[in-house]
Amino acid sequence: MVNNAELLKRDKKLKNILGRIWILKESPLYSYRTENHYYPVIGEGAHDAKIMFIGEAPGEKEAQTGRPFCGAAGKLLDQLLESINLKRADVYISNIVKDRPPKNRDPSPEEIKLYSPFLDEQINIIQPKIIATLGRFSMQYILDKFNLPESGQTITRLHGRSIKAKTEYGEVIIFPLYHPAAALYTGSLKKTLMEDMQKLLTIL
Ligand code: URA
């Protein structure tokens with residue numbers, strides 16, 4: 001159990017991350033954010049969540065509101081959470097890249113390099129026992145971060161599998177999932193995602 005004093009400390013550290021991203025002028029996405037009056041999106045949810053979901057980067061709705069996964073993909077993520085009796089407030093939801101890439105293009109290697117240290121900090125603050133990656137970018141980043149032998153394997157092969165890793169604060173299970181946005185385009189992936197959520201439930 002995490003006590004209130006610790007939760008306050010975590011809150012302060014997360015706000016500090018947001019503050020640094022607000023002024024991240026070296027980001028190639030900074031001027032796009034300010035010109036469009038967008039917000040950076042660092043994440044939301046329980047600061048002592050057992051499970052942390054990591055997506056790619058904010059889309060338009062997210063950048064307009066400052067909240068992760070609040071568009072169409074987010075609705076599906078809510079359904080997936082509900083299917084295992086979880087609410088957003090029970091988990092922590094974040095992204096690798098904290099600003100919206102133009103036209104929702106894939107995040108570039110340079111953007112991932114620039115923003116991922118913030119995600120690393122968030123992981124160490126929240127200290128989740130399970131990291132569920134959403135899509136191939138966050139899966140690849142997390143597999144590389146923890147030097148896992150599965151790095152380089154496809155999401156088709158790794159989705160729905162539990163992969164153990166060691167962090168500064170103890171053991172964590174990496175659980176790759178397809179990105180909910182992919183399931184909006186390819187109907188069959190929704191069924192796979194639902195099945196993978198049931199597997200996730202067994203390790204919660
Ligand atoms: N897709 C993501 O990867 N992250 C979001 O926050 C929204 C859509």
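This is a predicted model: local features need pLDDT of at least 70, side-chain atom pairs count only at pLDDT 80 or more; totals for chains, interfaces and linings use all residues.

Student: At what angle do α4 and α9 pack?

Tutor: Helix α9 covers residues 187-203, and α4 runs over 72-83. Their axes lie 9 Å apart, and the packing angle is about 40°.

Student: Which residues of α9 make that contact with α4?

Tutor: By class, the contact of α4 with α9 has six nonpolar, three polar and one charged residues. On the α4 side you'll find L76, Q79, L80, L81 and S83. Facing them from α9 are K190, L193, M194, M197 and Q198.

Student: Now α5 and α6: how are they oriented to each other?

Tutor: The axes of α5 (residues 109-126) and α6 come within 12 Å and cross at roughly 70°. Angles of 65 to 115 degrees count as roughly perpendicular. That makes α5, relative to α6, roughly perpendicular.

Student: Is the crossing of α5 and α6 left-handed or right-handed?

Tutor: The residues that meet there are I112, S116, L119, D120 and I123 from α5, with F137, Y141, I142 and K145 from α6. Six of the contact residues are nonpolar, one is polar and two are charged. As for the hand, α5 passes α6 in a crossing that is right-handed.

Student: Which residues of α5 does α1 meet?

Tutor: The contact of α1 with α5 divides into seven nonpolar, one polar and four charged residues. From α1 come R10, K13, L14, I17, R20 and I21. Their partners in α5 are Y115, F118, E121, Q122, I125 and I126.

Student: Which element supplies the largest share of the lining of the largest pocket?

Tutor: By class, this lining has 14 nonpolar, seven polar and seven charged residues. At least two residues each come from α3 (60-65), α4 (72-83), α6 (136-145) and α8 (180-185). The largest share, four residues, belongs to α8.

Student: What volume does the second largest pocket have?

Tutor: Its lining residues split into eight nonpolar, four polar and three charged. The space in the second largest pocket comes to about 200 Å³.

Student: Which residues lie closest to the centre of the second largest pocket, then?

Tutor: This pocket is lined by 15 residues. The ones closest to its centre are L14, L18, I42, G43 and G66.

Student: Last one: which element gives the largest share of the lining of the second largest pocket?

Tutor: Both α1 (4-22) and β1 (43-45) supply at least two residues of this lining. One α1 residue, L14, also takes part in the contact with α5. The largest share, five residues, comes from α1.

Conventions: Residues are numbered from 1 along each chain as its sequence is written. Side-chain values use heavy atoms; hydrogens and water are left out. Ala, Val, Leu, Ile, Met, Phe, Trp, Tyr, Cys and Pro count as nonpolar, Asp, Glu, Lys and Arg as charged, and the others, Gly among them, as polar. On a 1 Å grid over the protein atoms alone, a cavity is a set of points where a 1.4 Å probe fits but cannot get out, and a pocket is an open set with protein on both sides within 12 Å along at least five of seven lines; lining residues have an atom within 4 Å of a point. Grid points are joined across faces, edges and corners, and a volume is the space filled by probe spheres set on the points. Axes are lines fitted to C-alpha atoms, for helices over the stretch in contact, and angles run from 0 to 180 degrees between N-to-C directions. Angles under 35 degrees count as roughly parallel, over 145 as roughly antiparallel, 65 to 115 as roughly perpendicular and the rest as oblique. A crossing is left-handed if the near helix is turned anticlockwise from the far one by less than a right angle, and right-handed if clockwise. Contact means heavy atoms within 4.5 Å.
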